[in-house]
Amino acid sequence: MNTLNQVNKAINASDLLLLQRKAFLQTEPPSLKQRKANLAKLRAAVIEYREELQVATSEDFGHRSYQETDVMELVGIVQSIDYLSRNLRRFMKPERRHVSLFYRSATARVEYQPKGIIGVMAPWNYPISLTLIPLATALAAGNRAMLKPSELTPRTSDVIHRMLAEIFPLDEVAVILGGAEVGAEFSALPFDHLLFTGSTPVGRKVMKAASDNLVPLTLELGGKSPVIVGRGHVNARTMTSIAYGKLSNGGQTCVAPDYALVHEDDLETFIEEYNATVARFYPNGPDCDDYTSIVNERHYTRLQGLIDDARKNGARVIELGVKPETAKNRARTLVPTLIVGAKDSDAIMREEIFGPILPIRTYRTIDEVIDYINERDRPLALYYFGEKDEDCKKLLRRTTSGNVGINNTIIHVAQDDLPFGGVGPSGMGAYHGIEGFRSMSHAKGVFDQGRWNFPSLLHAPFGKVMGLALTITLGKKKSKV
Ligand code: NAD
């Protein structure tokens with residue numbers, strides 16, 4: 001389309017940033033109409049490329065059903081774009097702010113101005129939506145963007161690259177392909193804002209690199225998100241939701257419940273019900289079309305290692321789902337696994353799992369649950385199943401997590417009007433909703449002085465007017481000397 005796109009490969013990332021910055025500074029910020037047109041273009045491209053994206057992600061993962069890609073990625077992108085489009089006028093509107101009596105008659109307002117060039121770094125687990133929802137947010141806020149998708153899903157990254165090159169000129173949206181080394185260079189560029197989605201260890205490196213240029217950051221990181229099941233609340237509805245959150249995308253979801261805290265009286269029922277739910281989800285066994293493979297050999301071996309380590313240390317390992325004759329024998333199918341009695345020192349209880357393994361820890365009281373959670377890093381998400389009773393309220397009051405799901409898992413992320421982000425080691429800042437728009441906008445305070453105003457009378461030489469103003473504001477002076 002644009003000639004610039006054809007030379008993409010010849011331009012390095014830092015020159016691309018200069019190119020985008022020059023274009024940004026030489027033009028007016030995009031109007032509401034232009035921003036909506038950009039979002040519409042992106043939406044249409046996603047629909048047009050739907051099949052290519054489905055095929056590419058399935059090949060990248062080894063296997064992922066097209067429906068899973070639709071539900072877990074494309075629906076979310078389209079909904080986010082529609083939400084941004086519908087609400088953009090309101091988001092962009094300057095906000096009138098309060099002016100105190102002392103400074104009347106003036107007006108104060110906040111104008112949301114595009115920051116400029118937004119860098120977006122994405123992981124492999126939802127390679128389409130975690131690249132394109134940040135992009136849609138950046139465009140809605142009137143910015144230009146440079147994207148660095150993951151090298152672990154190369155086919156998907158390639159489709160995204162081609163798709164965006166077809167609809168946007170390089171000085172508006174550019175894609176940089178490459179691995180960790182390219183990521184390190186990318187994160188050191190002087191963007192006007194950088195949104196990084198990925199692991200906590202790499203997030204630390206990215207923050208260090210960005211600090212050299214004082215680039216503001218949104219860090220969407222990982223960690224261990226607990227699911228707490230209230231006493232007596234192991235039932236089909238609870239288990240459907242937990243298994244859905246844990247097993248979608250083969251467990252490779254940042255907000256998946258990482259481990260379960262279950263009342264000690266409910267442990268055996270939990271195991272039985274989880275097993276029954278897995279059988280209901282995958283009647284032909286997990287090695288079937290609806291179950292996503294582990295993305296690569298390294299992660300498969302890592303997950304197997306977590307299971308072996310827990311087993312070696314005395315935990316009970318329960319592998320679910322039989323392998324029937326119709327099994328596809330796909331590489332890297334890791335069956336849903338429960339682990340009971342793992343020690344807190346075991347790797348599975350210390351590291352983010354990011355796979356279809358659910359360790360269960362039992363508790364007796366909600367205070368014990370709260371202490372356990374608070375002794376660890378603040379999680380990205382926390383889930384509670386049960387009545388909205390005092391236990392639930394106490395848990396919400398006394399713990400801090402990115403988001404909370406009550407009687408559901410993971411779908412808080414799909415709520416366009418809720419901010420999404422972690423706290424501390426699980427992240428910094430948020431996007432989605434108005435928070436996303438604002439994180440990629442500069443909130444510029446404008447103080448507009450009226451022609452007749454009080455402060456203009458308050459300069460030296462200080463006299464009666466000043467005295468009167470101070471008496472009105474501070475009251476009559478009480479002399480102690
Ligand atoms: P990752 O941190 O390994 O990679 C993320 C991105 O950083 C990739 O584009 C990669 O190329 C780049 N990168 C790798 N090494 C780098 C380095 N040294 N310097 C700069 N960039 C580098 O993460 P991943 O394995 O792709 O994704 C899984 C992690 O992401 C999990 O921890 C998961 O919880 C987290 N995650 C978080 C969210 C969220 O929204 N909070 C969403 C999805 C995944």
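Helices (H or I, at least four residues) and strands (E, at least two) are DSSP runs, numbered from the N terminus. This is a predicted model, where local features need pLDDT of at least 70 and side-chain atom pairs count only at pLDDT 80 or more, while totals for chains, interfaces and linings use all residues. Residues are numbered from 1 along each chain as its sequence is written, and side-chain values use heavy atoms, with hydrogens and water left out.

## Rings

Let's start with Phe270 and Tyr274, which both sit in helix H11 (residues 267-281), four residues apart, or about one turn of the helix. Both are buried, meaning under 20% relative accessible area, with exposed being over 50% and partly exposed in between (1.4 Å probe, protein chains only).

Rings of Phe, Tyr and Trp (its six-membered ring) pair if their centres lie within 6.5 Å; planes under 30 degrees apart count as stacked, over 60 as edge-to-face and the rest as tilted. That gives twelve aromatic pairs here. Phe270 and Tyr274 have ring centres 6.1 Å apart and planes at 10°, so they are stacked. Elsewhere, Tyr83, Phe91, Tyr112 and Phe437 make up one aromatic cluster.

## Helix H6

Now for a helix that is mostly covered: twelve of the twelve residues of H6 are buried. Among them are Ser129, Pro134 and Ala140.

How far apart are the end C-alpha atoms of H6? They are 16 Å apart, which agrees with the 16 Å that its twelve residues (129-140) should span at 1.5 Å a residue; the expected span is 1.5 Å times one less than the number of residues. After H6 comes Gly142, with a positive phi near 85°.

## Salt bridges

A salt bridge is a side-chain nitrogen of Lys or Arg within 4 Å of a carboxyl oxygen of Asp or Glu. The count comes to 26. One of them joins Asp192 to Arg21, whose closest N and O atoms are 3.1 Å apart. Asp192 lies in the loop between H8 and strand S6 (193-197) and Arg21 in helix H2 (residues 13-26), so this pair ties together parts 171 residues apart in sequence. Asp192 is partly exposed at 24% relative accessible area, and Arg21 is partly exposed at 22%.

Asp308 and Arg311 also meet in a salt bridge (3.3 Å, N to O). These two both lie in helix H12 (residues 297-312), three residues apart. Asp308 is partly exposed at 37% relative accessibility, as is Arg311 at 40%. There is a network too: salt bridges that share partners join Asp344, Arg361, Glu375 and Arg376.
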